[in-house]
Amino acid sequence: MEFTVKQIATLLGGEVAGNDSLAITKLAKIEEGQPGDISFLSNLKYEPHLYTTQASAVIVDRSFQPKKPVSSALIFVENSYSAFTRLLEEYHKQLSYARVGVEQPSFVGEGSQFGEQIYRGAFSYVGRNCKVGRNVKIYGHAYIGNNVSIGDNTIVHAGVRILDNCIIGQHCVIHPNAVIGSEGFGFAPQPDGTYKTIPQLGNVILEDYVNVGASTTIDCATMGSTIIRQGVKLDNLIQIAHNVEIGRNTVIAAQTGISGSTKIGENCVIAGQVGFSGHLSIANGTKVGAQSGVGKNVTEEGTAINSSPAFGLKESMRSLAIFRRLPDLERRVFDLEKKTEK
């Protein structure tokens, strides 16, 4: 892919100082820039690299004023970091949607329908009666079960498993080896000490603009649906159990586990290795620190919690500070006891 500096400036709503006809073929860090590359300068500690970089163009803030001559073309925008992010998104989109067509061998079951401009990689499998929208990309070795619906512009990466009856929205990205719709962990204890499997008859619904990280697992509901609402971003290696609901625009970091039937609100931020007990209700805007264990409901919106078991962030930080001082406190108590005895 090749664009001119002028075309990129037009896309970003910027103004060019320098040669706007230069061809750009790649994005790069400012300290590693070579001819044909475009980079950006946001953090001024990297400003010295601006005067030595070989990149053909650099995106900078409108307020920026170079202190030395610059050989690169400069694209002045309101916010260079945001503009470069926008460029990364466009570049990624061009790469992702460049592939069109069907590679062989691949399999499609009876009654499945596909929109225009789709891509199916070699060894991909699509079951019966599926509905796949336009511009969908299904990479090699992905498995799509029966009666699955996938919305427009969704990307299903290599090795993904989307099991029967699941519904995937538009503009979703499902990264390698994620499993959507696996059987929930449901077993009924029996009088003789054994466990009987409870059939899991529901599905998983991903709404639009959901990202699912590599090797993340989302279990189907026992009945009804496990629901991941619009705009949710899930990191790698997350376990989401049956009948969980996650609210819009919530982000969850790696190795978090959410037990069955827990409801997490909108715009929550959950750090890595957090564990949630089952059947909880977590209010909108909740922030949960890494390695916290959440065992009770969070009812007040915008609450920040930490620790295991998790409780208020300020109280948690105060408690941890006291915990670190325990050896010193023990020594002081011992000294006081000795003085009292005397």
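The following dialogue examines how terms are applied to this predicted model.

Mentor: Local features of this predicted model need pLDDT of at least 70, side-chain atom pairs count only at pLDDT 80 or more, and totals for chains, interfaces and linings use all residues. Residues are numbered from 1 along each chain as its sequence is written, and side-chain values use heavy atoms, with hydrogens and water left out.

Trainee: Why is His242 called buried?

Mentor: Buried means under 20% relative accessible area, exposed over 50%, and partly exposed in between (1.4 Å probe, protein chains only). His242 has a relative accessible area of 16%, and therefore it is buried.

Trainee: Where does His242 lie, and what does UniProt list for it?

Mentor: His242 is in the loop between strand 29 (239–240) and strand 30 (245–246); strands are DSSP runs of E, at least two residues, numbered from the N terminus. The unreviewed UniProt entry lists His242 for "active site"; such annotations may be inferred rather than shown by experiment.

Trainee: What makes the pair of His242 and Thr222 a polar contact?

Mentor: A polar contact is a pair of N or O atoms within 3.5 Å; within protein, one must be able to donate a hydrogen and the other to accept it, and residues adjacent in sequence count only if both atoms are side-chain atoms. The side chains of His242 and Thr222 make such a contact at 3.5 Å.

Trainee: Which residues does Ser39 touch, and why is Ser39 called buried?

Mentor: Ser39, in strand 5 (residues 37–40), has 0% relative accessibility and so counts as buried. Contact means heavy atoms within 4.5 Å; not counting residues up to four places away in sequence, Ser39 touches Ala28, Lys29, Ile30, Ala57, Val58, Ile59 and Phe84. The side chain of Ser39 also reaches the backbone nitrogen of Ile30 at 2.8 Å.

Trainee: How do you know that strand 12 and strand 15 pair?

Mentor: Two strands pair if DSSP finds at least two bridges between them. Here 2 bridges join strand 12 (residues 125–126) to strand 15 (residues 143–144), which run parallel. Tyr125 stands opposite Tyr143 in strand 15. Both strands belong to an open sheet of 10 strands in the order 9-12-15-18-21-26-29-32-35-38. Strand 9 (107–108) and strand 38 (293–294) are its edge strands, each pairing on one side only.

Trainee: What makes a set of residues a nonpolar core?

Mentor: The set must consist of buried Ala, Val, Leu, Ile, Met, Phe, Trp, Tyr and Cys residues joined through side-chain atoms within 4.5 Å. The largest such core has 47 residues, and Ile162 and Phe276 have the most contacts inside it. Apart from it lies another core, of 15 residues, including Ile24 and Ile59.

Definitions and conventions. Helix = DSSP H or I, 4+ residues; strand = E, 2+ residues; numbered from the N terminus.
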